[in-house]
Amino acid sequence: LFDGVYPFYLQQRKVYVFDVNTIIVIVVFLTFACTFLLIIPGIRGRARLYWTLRVLLSLTVGVVIIAVQFTGDWETGWVKANTSYKSFSHDLVTADIGLHVGLGGVNITLMGNPVNQVNETISYNEHFAWSFDADYDHSYSEGLERGLPSPILYVAEKFTTQSPCSMHRQYRISGHYASATLWVAFCTWLISNMLFSMPVLVYGGYMLLVTGAFMIFSLLSFSTVRNSPMCPIQFGTATLHTGYGGSFWLTLAIGLLCFVAGTIVVALHYFNLDLLKAFFDLHEDEAEEYQEMSEVYVNSHFVNKGL
């Protein structure tokens, strides 16, 4: 307390699902998509549809691989509880408490139900990072100094390095490995696009399979956390339970999509190569090359001399 008054706290410092990095990634890929849509009218025939499907599918895979690195909903959970609001105070509030775990940290949300209680607006959303360039314990200490609400500090304390729960080490290591695996998947995605443009179609299909495999590996890395015993997060009789969030399921869906697309490309290469070349618009190029090679100019002077 400062002269009998609670410390002033600026609310809603960070959105728990989308932050600035995620928005930048989405805007960049949307710019690529809009640029392609401007040039798509110049492509004739069915090739226009094939080009649209290939480009939009490729951009979707790329934006998901990068965007989920910065989202905060790989694992989420909510609980409605009647709990104390501030330290050294007996006031109880009814609030919805949310936990949102990402690859680089956690977001803890406290929303009053109703929002206005004990003469305050209860709407908090606090981010605690554990990336390589961040100190989680230092962020937690700053939260203590600012006088954050007790429910937020209670949940955040579970993830500190000094906590007997060891949740910080489990989530931090699994998050780092999942992030590194996704960056490898992004590299293989770039290589697959290069191979499709060369074109070396079957090898591009193989790299799509590798991209899907690394995305699945990232999910397996993050899932190892749930195999360890978790400390209960209780507010009286209510318990906060977490489950896989939107980013986890989106990564799984795109990984399976890469598997399906890569399998189709490889299968068509061995069983119906003409259809595969038609989808990648290669028949017209081969016909033009054949037509150019068939036009041979012969000097009649040398022919008449028998040379």
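Is Cys 187 buried, partly exposed or exposed? At 43% relative accessibility, Cys 187 counts as partly exposed, a class that lies between buried (under 20% relative accessible area) and exposed (over 50%), computed with a 1.4 Å probe on protein chains only.

## Basis of the model

The model is predicted: local features need pLDDT of at least 70, side-chain atom pairs count only at pLDDT 80 or more, and totals for chains, interfaces and linings use all residues. Residues are numbered from 1 along each chain as its sequence is written, and side-chain values use heavy atoms, with hydrogens and water left out.

## The disulfide

The count comes to one disulfide, defined as a pair of cysteine sulfur atoms within 2.5 Å. Cys 165 and Cys 231 form this bond, with their sulfur atoms 2.1 Å apart. The pair links distant parts of the chain, 66 residues apart. Cys 165 lies in the loop between helix 4 (150-157) and helix 5 (167-197), whereas Cys 231 lies in the loop between helix 6 (201-223) and strand 5 (234-235). Helices (H or I, at least four residues) and strands (E, at least two) are DSSP runs, numbered from the N terminus.

The torsion about the S-S bond of Cys 165 and Cys 231 is about -110°, so the disulfide is left-handed. Cys 165 is buried, at 10% relative accessible area, while Cys 231 is partly exposed, at 22%.

Cys 258 is buried, with a relative accessible area of 1%.

His 138 belongs to helix 3 (residues 136-146) and is partly exposed, at 45% relative accessible area. Between His 138 and Thr 160 the C-alpha to C-alpha distance is 9.6 Å; in sequence, His 138 and Thr 160 are 22 residues apart.
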